[in-house]
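This report is meant for someone meeting the structure for the first time.

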Amino acid sequence: DFLCISLVNGFTQLRYNLGDRTVILQTLQKVHTNGNTWHLLNAGRVGNEGYLDLDGINVTQKASPGMNALDTHTDFFVGGVSSLNLVNPMAIENEPTGFTGCIREMVINNRELNLTVTDPKGGANIGDCDGTDCGYTVCKNNGTCQVGNSGFSCSCPKDWTGTNCEQSIHCSQNMCGSHGLCIPQPSSFSYTCACALGWTGKYCGNKIKFYIAKFVGNSYIKYTDPFYGKRDLQYSRLSLNFTTNQTEGLIAWMGKSEDEDNDFLAIGLTNGTLKVVINLGERISVPLMHRKYFTCSDGRWHFTTVVQNQTCVKVYLDEELILFEDIDPQRKYTALNYGGICYFGGFEIGRKVNIVTTGLFQKEFIGKIKDVVLFQDSKKIQLMKAEGYNIEDGNSGN
């Protein structure tokens, strides 16, 4: 498998092969080779349907039956490769040669690659394209960079301040303290404080302990499983208690959630109904919905367990087996490679649930979670020992 973007006779070309055939897309217009025109290129694939967009002019390739996952476990190369014999002959039209020119602002699956001296794994024969202290990202938030005798200075838009325009003016005098994160609220010309795990209060000054985690809507816990390396990933299990009076919300997500190809096991609510989704490698799981009762949004405690035995999934609600399904009888992928990461209630601040889950779940969880157990562990997860924000003590009234 491969995915390759190249210049061919002045045109930009995208080629990819998911295991069955090579798809080729080429832009309608040539690129300027005068050395001072920046071009914006968007290229990629959704399943086996490809798209290539140069400066707003789009070319697409309609999907046809066939493979729809890109299986590559190699390094990611930009501008050239360490050895030309690594290049698949079908990946480029002519003999492969390295790129000559400038590349900036490279984003892969919504994550920007820092094209700096220190961030890449390796490289050779790379120079500084800008030639001044003003790189394209020096001034954040649409600030304008000016080169001066002693480096650079940023001219900031009205809502931003700081050396690099990195700070909202609404947070410039914030009182959130060392345990809080300032969240600007431009509409009210103020801010709120997001409190780190173990702290609460308007300015995150009150220390708390909890065994029951209370989620208030812009909350999340991210737990790193210390035993991930020893797990048998073909036989996963997640159980927990939850209570809520909301009909929508993401309760738990086992998986890294960094890009669309990450494996995951997810539990949440849709229309008050328990919903479970599992991806073992090719987004093959249809959401498993429990439609028998609509009792999950009643403010009572509910106990749920999801068991993955290779491609067979069992879901228990209040100790009753409510779902039993084989999500892939072909047994193509059988392990839940979740990367040792578990999210509860939502994702990091600024990452919206409906976007990260591509619409599988609509919003963050509001309610309480307790008694989380991974696999067949004898001990519950200590939620206090994880990382997270805006978690309150849910012990009262239980």
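A search of the whole structure finds 10 salt bridges, a salt bridge being a side-chain nitrogen of Lys or Arg within 4 Å of a carboxyl oxygen of Asp or Glu. The model is a predicted one, in which local features need pLDDT of at least 70 and side-chain atom pairs count only at pLDDT 80 or more, while totals for chains, interfaces and linings use all residues. Residues are numbered from 1 along each chain as its sequence is written, and side-chain values use heavy atoms, with hydrogens and water left out.

| Salt bridge | Closest N and O atoms |
|---|---|
| Glu93 and Arg15 | 3.6 Å |
| Arg231 and Asp377 | 2.7 Å |
| Asp371 and Lys380 | 3.0 Å |

Glu93 forms its salt bridge with Arg15. Because Glu93 lies in the loop between β6 (57-61) and β7 (106-108) while Arg15 belongs to strand β2, the pair ties together parts that are 78 residues apart in sequence. Strands here are DSSP runs of E with at least two residues, and helices are runs of H or I with at least four, numbered from the N terminus. Glu93 is partly exposed at 41% relative accessible area, whereas Arg15, at 7%, counts as buried; buried means under 20% relative accessible area, exposed means over 50%, and partly exposed lies in between, with a 1.4 Å probe and protein chains only.

Arg231 forms a salt bridge with Asp377, and this pair links distant parts of the chain, 146 residues apart, with Arg231 in the loop between β17 (213-224) and β18 (235-243) and Asp377 in the loop between β27 (366-374) and β28 (387-393). Arg231 is buried, with a relative accessible area of 14%, while Asp377 is partly exposed at 25%.

Asp371, the partner of Lys380, is partly exposed at 23% relative accessibility. Salt bridges that share partners also join Lys222, Glu348 and Arg351 into one network.

In the model, residues 1-129 are 0% helix and 36% strand, with end C-alpha atoms 32 Å apart. Residues 130-166 are 0% helix and 32% strand, and their end C-alpha atoms lie 21 Å apart, while residues 167-205 are 0% helix and 41% strand, with end C-alpha atoms 22 Å apart.

On the surface, Asp1, Asp20, Asp71 and Asp261 gather in a patch of negative charge. Patches are made of residues with over 30% relative accessible area and no salt bridge, like charges being joined within 9 Å and nonpolar side chains (Val, Leu, Ile, Met, Phe, Trp, Tyr) within 5 Å. Asp20 sits in the loop between β2 (11-17) and β3 (22-30) and is partly exposed, with 41% relative accessibility.

A nonpolar surface patch of about 580 Å² is made by Leu7, Phe76, Val78, Phe99, Ile103, Leu113 and Leu115. Leu115 is found in the loop between β8 (111-113) and β9 (144-148), where Leu115 is partly exposed at 40% relative accessible area.

Key. Areas by Shrake-Rupley, 256 points an atom, 1.4 Å probe, with all protein chains shown as cover. Lys, Arg positive; Asp, Glu negative; His and termini not counted. Charge placed at Lys NZ, Arg CZ, Asp CG, Glu CD.
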